[in-house]
Amino acid sequence: MERTRWYKDAVIYQIYPRSFCDSNGDGIGDIRGIISKLDYLKELGVTCVWLSPCYKSPNDDNGYDISNYRDIMDEFGTLEDWQEMVDGMHARGIKLVMDLVVNHTSDEHEWFKQSRSSKDNPYRDYYFWRKGRGKDGKKPPNNWSSRFSGSAWEYDETTGEFYLHLFSKKQPDLNWDNPKVRQEVADICNYWFEKGVDGFRCDVIIYISKEAGLPNGKFNPMLCGDEHFVIGPHYHEYIHELYEKSWSKYDCMTVGEGQGIKRKDAESMVAEDREELDCIFTFEHQECDAVLTAVPRPFKLSRLKKILNNWQHLPDNCWNSLFLENHDYSRSLPRFGKVEYRKQVAKMLAIVMQCQKGTPYVYQGEEIGMSNIEGLDRKDYKDIVSINIYDLAKKIFPPLVPVVRWALRKRARDNARTPMQWSAAENAGFTTGTPWMMVNPNYTEVNVEQQQGDPDSILNFYKKMIAYRKGNEVIRYGTFEEYYPKSEKIFCYERNYNGKRLFIVASFSDKNVSFKVPKGYAFKSSKLVLNNYDDAPVALSSYVLRPYEAVVYEVE
Ligand code: GLC
Ligand code: CA
């Protein structure tokens, strides 16, 4: 099957179904809710949806723990609803990328139930089972840590052995060294392709191959063991096999999650001739204001620019992903600007991200400038990661609790998972019942309905931005050259394709910043194409950028 690589021209909208739209008043977003918003997506102009997991799941990690890969979560609806959704998307020219969560399953998946039942069960080897260490055999087999805190091993009474779980103990890791497991994964992909899916976002795919013998890791409290399974010994081989058995047979896209991946590794993961993944999400820029994406540190613009610039220089046979938000990070607005300047900051961030080379992702609510939620208490947090960290601090060292509170307020994943703000009606129009998690109280001001009626809104700007990208060759193919890389206030770059140039300048400051057009710029004529204030300088020279001002010029 010929790969048209349609994703290079796509703008992808991520839906976190639990928080998107509730159709039946049980407080939980669902597929019929999504169906009711398809026209909204079409109007926004996005051409593809990435849907976070909607498969059967006991929801220990909100669907990232799957108990049946071939059916839909009861709370979200049925396979028939799903089919109607995908048909409705296709009818509107929107493709669908589903989440593929196959580093692990739920412990409630049939394979795991079988696997844990006895040592000689045919499914035993679908997972990693090992004897414990120590006299009583009750010490974990090695020192690897779970990404969700604590040991990555859980003791299981039935057979007196431990199983490996790099995430929660309800998410046992699949053993990809078993060819049957790899065949199952290919079959699952093909099952959904046959139903009309257009691709997969591959969850923590870089962890699938573990080093033989599962050796102890170097000391590292949070990520111990990484060096033994991040792009492990058989990673490339297994992914290529999956490509051959499934992905190559459809005109699809695949994007892998790439925590800890540097540009050099990325090249070996996504170069077209390798026939593996099409692109990845790097986490590097998510760490410009946090250590390990979780512990806040002051934001430094030069750090962000350096990382993005580096990724803009991926070789031509690789493709890049552009994103600031998803369901695993707090909202971008308060991270990169002051919320008082909501409109300017949100539009400015859209400009600097979407004028780069690569496929942009818009996470639900980003297009209306949703921001973090204030005042969550222990009882309001719903994410297993937030809850684990909070309870751990309380247990081992209570004076740490205020620090954890502070870090969670800034970084908790819950911030991005508050219900979508559709209107100023009760519960932001998300549900007629009681929402599964708190709605951000700012919904009375920040909501879709209000912004639809305001020509100057963030939402209408996103429509303009997305429309501007479409079919724009400079954006698709152009080179990327940065100016003033050391500036802590200004992000300025140029895209150039066959003499057609785009000039982008954006301020990350809440004060006026004077700006000088880079030397050697001879503007015969330049046309203002995007900006985030009512007016903008007509032609480029030196001028003062207002707080968070961003402009894009086409230069001949
Ligand atoms: C990915 C998902 C995240 C999930 C984890 C475990 O990082 O994006 O939400 O918790 O994998 O599946
Ligand atoms: Ca519902």
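1. Ligand 1 is surrounded by 14 residues, the closest being Asp61, Asp203, Glu257, His327 and Asp328, where a residue counts as near if one of its heavy atoms lies within 4 Å of the molecule. This is a predicted model, in which local features need pLDDT of at least 70, side-chain atom pairs count only at pLDDT 80 or more, and totals for chains, interfaces and linings use all residues. Side-chain values use heavy atoms, with hydrogens and water left out.

2. The shell around ligand 1 consists of 4 nonpolar, 3 polar and 7 charged residues, with Ala, Val, Leu, Ile, Met, Phe, Trp, Tyr, Cys and Pro taken as nonpolar, Asp, Glu, Lys and Arg as charged, and the others, Gly among them, as polar.

3. Oxygen atoms of ligand 1 lie 2.6 Å from a polar side-chain atom of Asp61, 2.9 Å from one of Arg201 and 2.9 Å from a side-chain N or O atom of His327. On its own, ligand 1 has 300 Å² of accessible area, of which the protein covers 97% (Shrake-Rupley method, 1.4 Å probe).

4. The calcium ion (ligand 2) is coordinated at 2.2 to 2.4 Å by Asp22 (OD), Asn24 (OD1), Asp26 (OD), Ile28 (O) and Asp30 (OD), and in sequence these donor residues follow the spacing D-x1-N-x1-D-x1-I-x1-D. Donors are N, O and S atoms within 2.8 Å of the metal, or 3.2 Å for Na, K and Ca; water is not among the atoms, so the site may look incomplete.

Definitions and conventions
Residues are numbered from 1 along each chain as its sequence is written. Chains are lettered from A and ligands numbered from 1 in the order in which they are written. A polar contact is a pair of N or O atoms within 3.5 Å; within protein, one must be able to donate a hydrogen and the other to accept it, and residues adjacent in sequence count only if both atoms are side-chain atoms.
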